[in-house]
Amino acid sequence: MEQFEVIPLNSSMGVVLGWTREETLDAIGAPESTVGKIDYYHQRLPNFHVHYNEQGLVEFIEVANPMDGQIKVLLLEVDLFNTPADKVISEIENLARLTFDQNDPELPYSYTFPGLELSFWRPTVPEDEKDEDGRFFESVGIGIKGYYIE
């Protein structure tokens with residue numbers, strides 16, 4: 001099983017926050033597409049995209065759920081996309097000793113941990129215990145220091 005790591009305030013998918021676009025391209029190659037200041041790597045599993053700030057430095061990396069169960073995306077040893085969303089949140093809270101932003105207007109679709117510049121997103125939430133829609137997060141994102149404050 002292939003594994004990738006998300007390291008808040010640092011890196012993911014071979015990309016380091018704060019790198020220039022040239023450093024990113026040297027490390028992981030050209031994206032499949034670019035829209036504005038976002039490079040999209042959608043031909044890879046897991047898919048991901050890299051956002052650049054006004055200075056041309058990586059400010060945010062978002063990794064999509066590969067939806068195949070064969071790829072693990074880990075953060076603090078938690079399998080982010082093969083673990084139910086509510087368990088991901090409780091494990092991250094316990095391991096990082098931080099709580100998510102209780103005032104996030106997009107709860108329970110989006111959970112943000114400002115202290116880690118970390119976010120999770122899903123487009124829907126389960127209606128009941130048997131409903132699989134929204135049971136797992138569809139993306140995780142990490143940003144540079146201050147990303148969720150600005």
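1. Accessible areas are calculated by the Shrake-Rupley method with a 1.4 Å probe, and for residues only the protein chains shown count as cover. On this basis the chain exposes about 8,300 Å², and carbon and sulfur atoms supply 48% of that area.

2. The model is predicted: local features need pLDDT of at least 70, side-chain atom pairs count only at pLDDT 80 or more, and totals for chains, interfaces and linings use all residues. Residues are numbered from 1 along each chain as its sequence is written, and side-chain values use heavy atoms, leaving out hydrogens and water.

3. The chain contains two helices and twelve strands; these are DSSP runs numbered from the N terminus, with helices being H or I of at least four residues and strands E of at least two. In order from the N terminus, the elements are β-β-β-α-β-β-β-β-β-β-α-β-β-β. The radius of gyration is 15 Å, close to the 15 Å of the globule rule for 150 residues, so the chain is as compact as a globular protein of that length. This radius is taken over C-alpha atoms, and the rule is 2.2 Å times the number of residues to the power 0.38.

4. Strand β4 (residues 33–35) runs antiparallel to β5 (residues 38–41), joined by three bridges; strands pair if DSSP finds at least two bridges between them. Val35 has Ile38 as its bridge partner. Two residues separate the strands of this hairpin, and Gly36 in the turn has a positive phi of about 60°.

5. Strand β5 also runs antiparallel to β6 (residues 48–52), through four bridges. Here Tyr41 stands opposite Phe48, and six residues lie between the two strands of the hairpin.
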